[in-house]
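Me: I have a structure open and would like to learn how to read it feature by feature. Could you walk me through it?

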Amino acid sequence: MPVEFKDYYKILNVPREASNEDIKKAFRKLARQYHPDVAKDKKAAEEKFKEINEAYEVLGDPENRKKYDELGSYWKEGTEFQPPPGWQQGRARGAPFPEGSFEFRFDGTGFSDFFEQFFGRSGRFDGFSDSGGQREYGDGAAGFARRGSDLESDILVTLEEASKGSVRVLTLQRTNRKTGQARTQTIKVKIPLGVIEGQIIRVPGMGNEGIGRGAPGDLYLRIRFAAHPDFRARGADLYYTLDLAPWEAVLGTRVVISTLHDRVSVKIPPGANNGQQLRVRGHGLVKGQSGEKGDLFVVINIVIPERITEEERKLWNGLSGISHFNPRDSSR
Amino acid sequence: MKEHGDSEEESARELQPVEHSMGAVYTIEAIADLAQVPRRLIVLYCKHGLVVPASKAPESGWYFDDRAIHAVRRIENLRSACGMNLRGIKLLVNLMEEVERLREEVRFFHQQ
């Protein structure tokens with residue numbers, strides 16, 4: 001299926017030789033600007049946010065970025081994209097069993113066709129492919145019956161959606177490979193409150209139709225969290241990197257963090273170390289249907305000032321003169 | 001053989017939210033029916049650790065959730081489409097799960 005090439009570098013507004021750190025910074029800046037919860041024009045921002053997220057998903061992962069750069073060398077701006085030989089659908093992480101009568105295209109999952117084709121997992125999950133293995137279950141007297149094949153796709157969900165629940169409109173286009181005829185089906189799917197990364201939502205009967213008296217297959221949507229500019233999720237726990245000045249880490253401080261739901265005041269104890277994690281109970285994502293919440297982990301990141309004034313230099317020098325602290329002393 | 005979708009006009013389903021079944025639990029008979037796989041095979045898959053019941057209290061029996069239906073369908077897929085035996089399926093399913101877990105870890109650390 002020909003797809004439009006996505007210029008992810010242009011989307012994140014970074015040069016092709018940008019470092020990982022530059023890409024991360026560009027993503028955070030744009031994600032804050034276009035986050036659907038803060039932007040004024042929600043609809044336009046949502047589209048842009050998904051695009052930014054997809055670009056970061058690819059460029060933020062060195063393996064994916066390498067694959068993408070390889071693909072990109074076959075593309076020129078303003079021309080139709082022709083994937084190089086050996087880069088057909090499924091090459092990256094695509095359909096486990098791409099052969100079959102139908103070709104599928106999802107819309108509304110949060111990923112573009114380009115992403116789905118080369119970096120996604122969308123595809124057929126077909127136990128009863130045309131190549132054989134036909135199986136008849138149920139009432140033998142009812143004649144030939146074959147359950148419809150299942151479909152599986154990732155769905156991009158923001159952390160806010162996971163913590164409030166949402167309804168998503170998905171469009172599924174099935175094209176008959178032999179006749180080229182297409183059929184489009186649009187469905188609304190509830191994303192329940194409390195979903196976590198990797199969780200599967202089964203949408204019964206939304207796979208392919210069965211043959212004879214066979215039941216239709218199911219649609220399986222695997223939750224994939226959109227990258228958030230401030231939080232990272234692991235299960236129902238959230239991780240927040242807190243930048244601290246060296247003296248704040250040494251003396252301790254109190255900071256207010258805006259979480260997904262509220263604001264929380266966190267006391268940083270004196271002597272906090274780089275990478276140290278402070279747990280704030282019950283300020284993570286909602287855990288399943290129980291309503292219970294995961295935790296928020298505040299990860300300390302000590303930032304050294306790049307430039308200092310003459311007066312600051314004097315103070316640091318004074319400190320260096322009187323301090324007995326030696327980080328390389330193994331007996332400490 | 002009827003070809004799915006051949007004679008159908010392009011159509012859109014009326015936009016009522018489709019009920020997913022998250023949180024639902026099923027008996028072994030229900031899951032056998034939903035996945036269209038005989039009960040004895042599901043028992044066999046459970047014995048091999050390929051399908052894990054959501055609850056297996058001795059007094060209430062086995063209950064399954066959507067993950068189990070997904071697992072059963074995936075096994076059937078590997079058996080019929082790829083011609084794999086149970087030992088091969090177990091190896092592959094474990095690897096697929098491990099890859100999935102590692103992929104999530106990698107995504108988590110890349111976002112750091």
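Me: In which order do the elements of chain B run from the N terminus on?

Reply: In this predicted model, chain B runs β-α-α-β-β-α-α from its N terminus. That comes to four helices and three strands. Buried residues make up 28% of the 112 residues in chain B, and residues 24 or more positions apart account for 49% of its contacts with a separation of 6 or more.

Me: And how many helices and strands does chain A have?

Reply: Chain A has eight helices and 15 strands. Of its 332 residues, 33% are buried. Among the contacts of chain A with a separation of 6 or more, 63% link residues 24 or more positions apart.

Me: Into which domains is chain A divided?

Reply: There is domain 1, covering 8-127 + 146-225, and domain 2, covering 231-307. Nine residues of domain 1 are in contact with 11 residues of domain 2. On the domain 1 side of that contact, helix 6 (residues 159-164) of chain A gives the most, with four residues. By class, this side of domain 1 holds five nonpolar, two polar and two charged residues.

Me: Let's turn to the cores. Which residues touch the most other members of the largest nonpolar core?

Reply: The general idea comes first: nonpolar side chains tend to be buried together in soluble globular proteins. Here the largest nonpolar core has 56 residues, and Leu12(A), Phe27(A) and Ile52(A) touch the most other members. This core lies between domain 1 and domain 2 of chain A, because both of them give residues to it. Apart from it lies another core, of 21 residues, including Ile31(B), Ile69(B), Ile75(B) and Val93(B).

Me: What is Leu12(A) in contact with, leaving aside its neighbours within four places in sequence?

Reply: Its partners are Ile23(A), Ala26(A), Phe27(A), Leu30(A), Ile52(A), Ala55(A), Tyr56(A) and Leu59(A). You can follow one of them, Ile52(A), into helix 3 (residues 42-59) of chain A. Not counting residues up to four places away in sequence, Ile52(A) touches Ile11(A), Leu12(A), Phe27(A), Leu30(A), Ala31(A) and Tyr34(A).

Me: Is Ile52(A) buried or exposed?

Reply: Ile52(A) is buried, because 26 other C-beta atoms lie within 10 Å, and the cut-off for that class is 20 or more.

Me: How should I read the pairing of strands?

Reply: As a rule, strands of a sheet pair through backbone hydrogen bonds, either parallel or antiparallel. In chain A, four strands form an open sheet in the order 10-11-15-14, with mixed pairing. Its edge strands are strand 10 (231-234) and strand 14 (277-280), each of which pairs on one side only. From one strand to the next, the twist averages 30°. Strand 14 of chain A is joined by four bridges to strand 15 (residues 296-302), and the two run antiparallel. To find your place there, look for Gln277(A), which stands opposite Val299(A) in strand 15.

Me: Which strands of chain A form a hairpin with five residues between them?

Reply: Those are strand 5 and strand 6 of chain A, and Gly180(A) in the turn has a positive phi of about 80°. Strand 5 (residues 166-176) and strand 6 (residues 182-191) pair in the antiparallel sense over 10 bridges. One pair to look up is Val167(A) with its bridge partner Lys190(A) in strand 6.

Strand 12 and strand 13 of chain A also form a hairpin, with four residues between them. Six bridges join strand 12 (residues 253-258) to strand 13, and they run antiparallel. Arg254(A) has Lys267(A) in strand 13 as its bridge partner. Strand 13 (residues 263-268) is hardly covered: among its six residues, the count of buried ones is zero.

Me: Where is Asn13(A) found, and what is its phi?

Reply: Asn13(A) sits in the loop between helix 1 (8-12) and helix 2 (20-34) of chain A. Its phi is near 60°, a positive value in a residue other than glycine. Asn13(A) counts as exposed because it has 12 C-beta neighbours inside 10 Å.

In chain B, Gln36(B) has a phi near 55°, again positive in a residue other than glycine. Its place is in the loop between helix 1 (28-35) and helix 2 (39-47) of chain B. With 23 C-beta neighbours inside 10 Å, Gln36(B) counts as buried.

Notes: Residues are numbered from 1 along each chain as its sequence is written. Chains are lettered from A and ligands numbered from 1 in the order in which they are written. This is a predicted model: local features need pLDDT of at least 70, side-chain atom pairs count only at pLDDT 80 or more; totals for chains, interfaces and linings use all residues. Two residues are in contact if their C-beta atoms, placed from the backbone, lie within 7 Å. Domain bounds come from an automatic or database domain assignment. Ala, Val, Leu, Ile, Met, Phe, Trp, Tyr, Cys and Pro count as nonpolar, Asp, Glu, Lys and Arg as charged, and the others, Gly among them, as polar. A nonpolar core is a set of buried Ala, Val, Leu, Ile, Met, Phe, Trp, Tyr and Cys residues joined through C-beta atoms within 7 Å. Two strands pair if DSSP finds at least two bridges between them. Axes are lines fitted to C-alpha atoms, for helices over the stretch in contact, and angles run from 0 to 180 degrees between N-to-C directions.
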